[in-house]
Amino acid sequence: MAIRCVYTDLDGTLLGRGASLFRDGDGAFTLLPARALEACHRAGAEVVIKSGRRKAQVMEDARLLGQTSYIYEIGCGLVIDGDEWFLTGELQPTPERTVHEQIDETGAPRILLEAYSGRLESHDPWHRDREFSHLMRGLVDAAEADALLAERGLGHLRLVDNGVVSPKDSLPDLPGPPHAYHLIPREASKTAAVARHMQARGYARDETIAVGDSREDLDVAGVVGRFFLVANALERDPSVRAAVADAHNVEITEASHGEGFYEAVVRSLAEAR
């Protein structure tokens, strides 16, 4: 069956060092990610970004790639051809308050930052000007954090591990590399946004693939035909390997970052002929 859509993460997946489309993980120049996008265009396959970034950032990247659909803030928002959906359950933006502000009013961000002092902090400066999620960095057990929120009557929120990020001097005692975490409404996820986009477009599961580098990306394997985890995901977080051990439709690329994206796309398009 032909591939009609490719869902891809940005940072650590399509993009290399410095969040550049034309740099690999080491900073060397590469055209392979762009060639993969060209291959998708020639095959008539839509490319949809699924990212934790803010809407303004993802919108501009989608425009540069020539795409009209994108998923932002870890699945809280979905745009298809100019139409927008907020996939955040009962927490919906109003003219008076954003979902980000509504979450702040629950006290949940403060509870987590206090409970994990020295292990979790705001992901400055990228935590600013967000509409939905509270963005943090550090190293915590997301399931444990969710249990803490539930104990405080905040079970309608969850903390999402969106993968490894560069270390900062402000958290010197972490036992491993820091991760980016998004505090979002429980209903929101990249998986739910991908499923909604597939439904809107009429894509069958076997007509889609996804590429990513984090546990949150990996959950998308549950709704697409094939999922590819780029090699750098395991290099930075070896524990992810256990999460893919029993997944029948998950493959690990030999290459990392955008070159891993190229590998996933070219292999999928060739085998679908």
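Tutor: We begin with the classes used for a lining: Ala, Val, Leu, Ile, Met, Phe, Trp, Tyr, Cys and Pro count as nonpolar, Asp, Glu, Lys and Arg as charged, and the others, Gly among them, as polar. Please keep in mind that this model is predicted.

Student: How do the residues that line the second largest pocket divide by class?

Tutor: They divide into 8 nonpolar, no polar and 1 charged, and the residues in question are Ala2, Ile3, Ala39, Ala43, Val266, Leu269, Ala270, Ala272 and Arg273. The elements that each supply two or more of them are α1 (32–43) and α10 (257–271), with α10 giving the most, 3 residues. The space in this pocket comes to about 150 Å³.

Student: What is the division by class in the lining of the largest pocket?

Tutor: There the lining has 7 nonpolar, 13 polar and 9 charged residues. The largest pocket holds about 800 Å³ of space, and of its 29 lining residues, Asp11, His123, Val164, Val165 and Ser166 are the closest to its centre. Two or more lining residues come from each of β8 (157–164) and β9 (179–185).

Student: How many cavities of 30 Å³ or more does the search find?

Tutor: A cavity, unlike an open pocket, is a space where a 1.4 Å probe fits but cannot get out. The search of the whole structure finds 1 of 30 Å³ or more, and the largest cavity has about 80 Å³ of space. Its lining includes Asp161, His179, Asp213, Arg215 and Arg236, and the elements giving two or more residues to that lining are β8 and α8 (231–236). By class, the lining divides into 3 nonpolar, 4 polar and 5 charged.

Conventions:
Residues numbered from 1 in each chain as written. Predicted model: local features only at pLDDT ≥ 70, side-chain atom pairs only at ≥ 80, totals over all residues. Heavy atoms only, no water. 1 Å grid on protein atoms, 1.4 Å probe; cavity = no way out; pocket = protein on both sides within 12 Å on 5 of 7 lines; lining within 4 Å. Points joined across faces, edges and corners; volume = space filled by probe spheres on them. Helix = DSSP H or I, 4+ residues; strand = E, 2+ residues; numbered from the N terminus.
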